Amino acid sequence: MNNGLTPLTAPTEARIDEIGSTDILVGIPSYNNADTVGHVVRAVSVGLAKHFPGCRAVLVNSDGGSSDGTPAIVARTVVDFQHLFIGDQQSILHRIVTPYHGIPGKGSAFRTIFEIARRLKAKACAVVDADLRSISPEWIELLLRPIMDENYDYVAPYYLRHKYDGTITNSLAYPLTRALYGHRIRQPIGGEFGFSGALASHYLEQHVWESEVARFGIDIWMTTEALVSGARVCQSFLGAKIHNPKDPAADLSDMLMQVVGALFAAMERHEQSWTSLEGSRPVPIFGFPYEVGVEPVHVNLERMVSHYRQGLTDLEPIWRQILAQDTFEQLHRLQEASNSDSLISDELWVRVVYDAAAAYHKRLLPRDHLLKSLTPLYLGRTASFVHATQGLTSREAEVKIEALCGTFERLKPYLIQQWQPATVSPAAPALLQHTTTDAGGDHEPLH
Amino acid sequence: MNHFIEQALLGPLELLGRHLLAILPNVFAMGIILLAGLVIAWGAGSFVERLLRIVGFDHLCDRLEVNAALLRGGIKTDPSRLIGRTLYGTMIVLSSIAALGALNLAPINQFAQSLLAYVPHLITAAIILLAGYFLSNFASQAVLIAAVNAGLPPARLIAACSRWGLQILAGAMALVQLGIAEQIVVVGFGITWGGIVLAGAIAFGLGSADLAKDFLERRLAARSKSNTTDDLHHW
C-alpha cells in the first residue's frame with residue numbers, strides 16, 4: 001500500500017490548512033477550457049447552494065497548465081444567487097485552484113483532486129469535465145446525493161445520447177465492462193462521476209499514478225476499480241451531454257488505444273475478479289428519466305468501410321498474430337464478400353475483442369502496435385452497426401446494443417479459454433506459471 | 001651425374017621430407033586439437049542447450065518477452081537452442097584458430113593472431129546487424145499500422161521502404177565496422193540516402209503540392225476547421 005502523500009503546491013497546502021475539512025468536494029480537471037469552465041463553475045456553485053445548503057463544500061480546479069486563463073476564470077466566476085431563488089444564508093463555497101504535478105493528463109489532475117479530498121476528509125466527491133455545455137445544477141445533486149444519503153460509493157453518469165454518439169462506449173466499453181464485472185453501467189467512461197471519500201483514498205493507494213492511467217484511461221479505470229473493490233455502485237440520469245467537440249486533430253487510433261488499453265490492463269490486474277463471474281445485473285438509476293432531442297449525426301459509412309477493407313488487406317500478417325485462426329478466417333472470408341455482406345456480426349466482433357485481449361495479455365505483439373492495429377476492425381464494426389441501425393430510433397438501436405452485450409456475456413467462456421497461457425511443458429518449473437494477480441492482490445473490499 | 005641427381009633432386013626431397021617430419025607432430029597436434037574442438041564444441045553446445053531447457057530458460061525468456069522479440073525478428077528457434085548453437089559455433093572458430101597455431105608456422109601464426117584481433121569487430125558487426133534487423137521489423141510494423149490508420153493507400157510500400165532503409169543503414173554500419181571498403185560505403189550510402197530524400201522531396205513538392213498544403217493547413221493552421229466528412233462521436 002502506498003501511504004505517501006501526493007505532492008501539492010505550497011499555496012494549495014496552505015489553503016487546505018486554512019479550510020481544515022469539508023463535507024463535499026467537487027473537482028474540475030481542466031486544460032484550456034476558458035470557453036466553458038465559467039459555466040461549469042456556476043452550475044457547480046448553484047448546485048451546491050441549492051441542494052446542499054448546510055454542507056461545507058470545496059470546489060477544486062486541477063489545471064494542466066492552461067494558456068488561455070482557465071484558472072483565472074475559475075477563481076473569479078461569481079454567481080448571483082438572488083436571481084436563482086436561492087436564499088442568501090449559504091455556507092461559503094471554498095475554491096482551490098491548483099496546477100497538478102506528475103505526468104501530463106487527466107489522470108494526474110484527478111490524483112490531485114483525490115489527494116485534496118483525502119486531506120480535507122471529504123465525505124462525498126464529484127468530478128465534472130470543464131468542457132461541458134449542458135451541465136445544470138441538478139447534475140451536482142444527482143452525482144452527490146446517492147453518496148450522501150444512500151451510502152453509495154460510486155455514481156456513474158447515465159446520459160441520453162444519439163445512437164451514433166459514443167460508439168466506443170457502445171461497442172466496447174459498455175459491453176466488455178458489463179460482461180467482465182457483471183454490472184450494467186451504461187456509461188463507464190462518461191467523464192462525470194460521484195464517489196465517496198473512502199473510494200477516493202482507495203484510488204490514491206493504487207500503484208498506477210506513474211503509469212498510463214495518469215495520462216489517459218482514468219475514467220474506465222475508476223469504474224473498474226470501483227467495481228472490483230466491492231464498492232456500492234449506482235447511476236444517475238443526467239439527461240443529454242453536450243460538450244465542446246474534441247480536438248479534430250485527435251487521432252481515432254489514439255483514442256481507441258486509450259480506452260482499449262485501459263480496459264485490457266484492468267483485465268490483467270483483476271483477472272481473479274472477472275474470471276469467476278457469470279452474467280450481469282442491473283445497476284440502480286437515480287434521477288427522473290426523460291426524452292430529449294439529440295442533434296443528428298452525419299456518418300460517412302463509405303469512408304469507414306474503406307478503412308476497414310484496407311486493414312483487411314494490409315494488416316493481415318498482424319491480425320494473423322492477434323486473432324485466433326477461426327476468427328481470422330471468418331474475417332478473411334468477408335474480404336471476398338460484396339460490400340453489403342462484408343459486415344462484422346455481433347459474434348465475430350466479440351471474438352475479435354476477446355482474441356485481442358488474450359493477445360494483449362500474452363504479449364504476442366508490442367502492445368501499442370496491437371491496440372492501434374484494431375482501429376480498422378473497430379471502424380468495420382462501427383460501419384456494421386450503422387448499417388444495421390440506419391432506419392432505427394435511438395431506443396431501437398439500444399436494443400441492438402443490449403443484444404451485443406448478451407453476446408459478450410454468452411461468449412465469456414471463450415475469453416477465459418483464450419486468456420489461459422499456452423500449454424506448459426512438463427519440464428517447466430513452477431516459476432514459469434503465468435501469474436497476473438499480483439497487482440490485483442492488494443485490493444480490499446470497501447464493505 | 002649421380003652427384004647431380006643427389007644434389008638437384010634427392011637433396012630437396014630429403015629437405016622436404018625432413019621438414020615434413022619436423023612439422024608432422026604439429027599437423028597431428030592440429031588434427032587432434034581440431035577433432036577435440038569439434039567434440040567439445042558439440043558436447044558443450046548440446047550440454048548447455050539441455051541444461052538451459054531443464055532450468056526452464058525458454059520459459060523465463062518467454063516471460064521476459066525475449067521469445068516474442070525473437071519471433072518478431074523472424075527467428076523461430078527457441079533461446080536455449082540459439083545459445084547452444086552460438087556456443088558451438090564460437091568454440092569451432094576458437095578451436096580452428098588454436099589448431100592453426102599448433103602448426104607453429106610464422107605466417108599462419110600471424111594469420112591466427114590477426115583473425116583473433118578481428119573477432120571483436122565481427123562481434124560488433126553482428127550485433128549491429130541483429131539490432132538493425134529487429135529495429136527495422138519493429139519500425140516497419142509501426143509505420144504500416146500508422147499508415148493504414150491514416151488511410152494512406154501505399155501503406156505497405158511505405159512500411160517496406162522504412163524496413164529496407166533501416167536494414168541498409170545497419171548493413172552499411174556493419175561494413176564500416178568490418179573495415180570493408182569504408183570510404184565507398186560511407187560515400188555510397190550518403191549519395192544514395194541524399195538522393196532518396198531529394199527525390200522524395202521533389203516528388204512530394206511537385207506531385208502532391210495540394211496534399212502537402214492540405215496536410216499543413218489541417219495540422220498547423222486550421223485546427224478549428226471542422227471535419228465536414230464525418231461527425232461521428234467515437235468517445
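**A threonine, some rings and a caveat**

So, start with A:T22. If you skip its neighbours within four places in sequence, A:T22 is in contact with A:R56, A:A57, A:V58, A:L120, A:K121, A:A122 and A:K123. Keep in mind that this is a predicted model.

Where does A:T22 sit? It's in the loop of chain A between helix 1 (10-19) and strand 1 (24-30). Buried or exposed, then? A:T22 has 2% relative accessibility, and the cut-off for buried is under 20%, so it counts as buried. Its side chain also reaches the backbone oxygen of A:I24, at 3.0 Å.

Okay, on to the aromatics. How many aromatic pairs are there over all chains? The count comes to 17. Take A:W139 and A:Y159: the ring centres are 6.2 Å apart and the planes are at 40°, so we call that pair tilted. This one links distant parts of the chain, with A:W139 in helix 5 (residues 137-148) of chain A and A:Y159 in strand 5 (residues 154-160) of chain A, 20 residues apart. A:W139 is at 2% relative accessibility, so it counts as buried, and A:Y159, at 4%, counts as buried too.

Another tilted pair is A:Y203 with A:W221, at 5.2 Å centre to centre and 45° between the planes. Again the pair links distant parts of the chain: A:Y203 is in helix 7 (residues 197-205) of chain A, A:W221 is in helix 8 (residues 218-228) of chain A, and they're 18 residues apart. For accessibility, A:Y203 is at 0% and counts as buried, while A:W221 is at 1% and counts as buried as well.

Which residues make up the aromatic cluster? A:F110, A:F114, A:F195, A:Y203, A:W209 and A:W221 form one cluster.

A:R351 lies over the face of A:Y414, 4.5 Å from the ring centre. A:R367 does likewise over the face of A:Y360, at 3.9 Å from the ring centre.

Last thing, confidence. Chain A has a mean pLDDT of 86, and 89% of its residues reach 70 or more. But over residues 424-447 of chain A the pLDDT is below 50, and that stretch still has 46 contacts in the model beyond near neighbours in sequence.

Okay, that's me done.

Key. Residues are numbered from 1 along each chain as its sequence is written. Chains are lettered from A and ligands numbered from 1 in the order in which they are written. This is a predicted model: local features need pLDDT of at least 70, side-chain atom pairs count only at pLDDT 80 or more; totals for chains, interfaces and linings use all residues. Side-chain values use heavy atoms; hydrogens and water are left out. Helices (H or I, at least four residues) and strands (E, at least two) are DSSP runs, numbered from the N terminus. Buried means under 20% relative accessible area, exposed over 50%, partly exposed in between (1.4 Å probe, protein chains only). A polar contact is a pair of N or O atoms within 3.5 Å; within protein, one must be able to donate a hydrogen and the other to accept it, and residues adjacent in sequence count only if both atoms are side-chain atoms. Contact means heavy atoms within 4.5 Å. pLDDT is the predictor's confidence in each residue, from 0 to 100. Rings of Phe, Tyr and Trp (its six-membered ring) pair if their centres lie within 6.5 Å; planes under 30 degrees apart count as stacked, over 60 as edge-to-face and the rest as tilted. A charge sits over a ring if NZ of Lys or CZ of Arg is within 6 Å of the ring centre and within 35 degrees of the ring normal.
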